[in-house]
Amino acid sequence: MKRIGALFTVLALTLGASLGLAAKPVVIKFSFVTTLNTPKGKAAQALKAYIEEKSGGTMKVELYPSSQLYKDNAEGLNALIFNNIQLLVPSATKLKGYNPAFQFVDMPYLFKDTEHFKRFTQSEAAKKLLNSLDKAGLVGLGFWPNGFVHFTANKPLRKPEDFKGLKFRTQTSGVLEAMMKALGATAVPLAFSEVYQALQQGVVDGQENTLSNIYTQRYYEVQKYLSLTRHHRLDYVVITNKIFLNSLTPEQKKIFLEGIAHANEVAFAEAEKLNQDALNKLRDLMEVVELTDAEREALAEALKPVYDQYGDKVGWDLINAIKALR
Ligand code: SIN
């Protein structure tokens, strides 16, 4: 009987293969809000190329850039938790609902440069933050950089008084709200995909973002001035979900995690270059306002109340650990 059973199995497999019923590839849906020509977009393309090549096509990465599938607010996060997508790389602050400490990126003038941010990503403090996502069914796989955030508006912004009475689109973040308040301005939280129209229609007077985002979202079409304030960072957390990760074979998991590590290197190699390229192009498209060190220090001074209000929520241990890595 056993022999007949084995014979049937072999026949079924041979028939299946001849009919093209090969095992379905593992599909990794990766949704993000930026374009492909950004630090996140470049790293995403590197991830796709790596995983598809190393798995011999048995694993596929589908990229959905420019908010075409989900926004990266609750909508995207819920899709990830329920395994409708398998990868999301939101800016860190968008994870504050799981742990308010993720707003560390918004703290004014905390990081010195991208190398400083990189040192942080390799620290115990960073690992602890990633592990805190565990209880939500999420798996934090690492951090990707974008860069420093600058303001755009239809007037030059140099001094704290220049911000008075203006409305700025920000990401949804208590820290960013407190920051705008400290400058006498108002934060208007909007999804990334809604910013261009809000600027065009005058719903907001300005916005703050990285140079690569400002360039690829074409804010120069609706804003006259770019003020190089560098007042906080915008960086990303790479997250997947447990349902997906536990469904992989050990070999697939190895390829997936190696792909993430490879994309991480690409993100760090590309981020500064892309932001610098964007600035070079923006110089022809907008009035670029360079701030002196003294002007940045005056802004930092005006933003100090943000530390009084949010230091405890973000956590002094974390803030001090980051400062120690300067
Ligand atoms: C992003 O870079 O992912 C978008 C951040 C934003 O919402 O401003």
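The following paragraphs go through the predicted model from the whole chain to single residues.

This is a predicted model, in which local features need pLDDT of at least 70 and side-chain atom pairs count only at pLDDT 80 or more, while totals for chains, interfaces and linings use all residues. Residues are numbered from 1 along each chain as its sequence is written, and side-chain values use heavy atoms, with hydrogens and water left out.

The chain has 326 residues, of which 52% are buried; buried means under 20% relative accessible area, exposed over 50%, and partly exposed in between, with a 1.4 Å probe and protein chains only. Its secondary structure consists of 13 helices and nine strands, where helices (H or I, at least four residues) and strands (E, at least two) are DSSP runs numbered from the N terminus. Along the principal axes, the C-alpha atoms fill a box of roughly 90 × 40 × 30 Å. Of the contacts between residues at least 6 apart in sequence, 76% join residues at least 24 apart; contact means heavy atoms within 4.5 Å.

The ligand has around it Val33, Thr34, Lys40, Asp72, Lys94, Arg169, Gln171, Phe192, Asn209, Asn213, Leu234 and Tyr236, each with a heavy atom within 4 Å of the molecule. Three of these side chains are described further through polar contacts, meaning pairs of N or O atoms within 3.5 Å; within protein, one atom must be able to donate a hydrogen and the other to accept it, and residues adjacent in sequence count only if both atoms are side-chain atoms. An N or O atom in the side chain of Lys94 is 2.7 Å from an oxygen atom of the ligand. For Asn209, the separation between a side-chain N or O atom and a ligand oxygen is 2.9 Å. Asn213 also places a polar side-chain atom 2.9 Å from an oxygen atom of the ligand.

Helix α6 comes next. At its start, a side-chain oxygen of Ser173 reaches to within 3.2 Å of the backbone nitrogen of Val175. Gly174, Val175, Leu176, Ala178, Met179 and Met180 are the buried residues of α6. They pack against the strands β4 (138-153), β5 (167-170), β6 (186-189), β7 (206-209) and β8 (225-241), and against helix α12. After α6 comes Gly184, with a positive phi near 75°.

Two packed helices are described by the angle between their axes and the distance between the axes. For α6 (residues 174-182) and α12 (residues 305-314), the angle is about 170° and the axes are 9 Å apart. Here axes are lines fitted to C-alpha atoms, for helices over the stretch in contact, and angles run from 0 to 180 degrees between N-to-C directions. The two helices are therefore roughly antiparallel to each other, given that angles under 35 degrees count as roughly parallel, over 145 as roughly antiparallel, 65 to 115 as roughly perpendicular and the rest as oblique. On the α6 side, Gly174, Val175, Ala178, Met179 and Ala182 take part, and they meet Val306, Gln309, Tyr310 and Val314 of α12. Seven of the residues in this contact are nonpolar, two are polar and none is charged; Ala, Val, Leu, Ile, Met, Phe, Trp, Tyr, Cys and Pro count as nonpolar, Asp, Glu, Lys and Arg as charged, and the others, Gly among them, as polar.

Ala79 is found in α3 (residues 74-81) and has a relative accessible area of 4%. Not counting residues up to four places away in sequence, Ala79 touches Tyr70, Asn84 and Ile85. Thr216, in α8, is buried at 16% relative accessible area. The side chain of Thr216 reaches the backbone oxygen of Ser212 at 2.7 Å. Beyond its neighbours within four places in sequence, Thr216 contacts Thr35, Asn37 and Thr38. Ile322 belongs to α13 (residues 316-324) and is buried, with a relative accessible area of 0%. Ile322 and Ser123 lie 199 residues apart in sequence, with their C-alpha atoms 9.0 Å apart.

Two loop residues remain. Ser66 has a positive phi near 55° although it is not glycine. Ser66 lies between β2 (59-64) and α3 and is partly exposed, at 40% relative accessibility. Arg218, also not a glycine, has a positive phi of about 60°. Its loop runs between α8 (211-216) and β8, and Arg218 is partly exposed at 38%.
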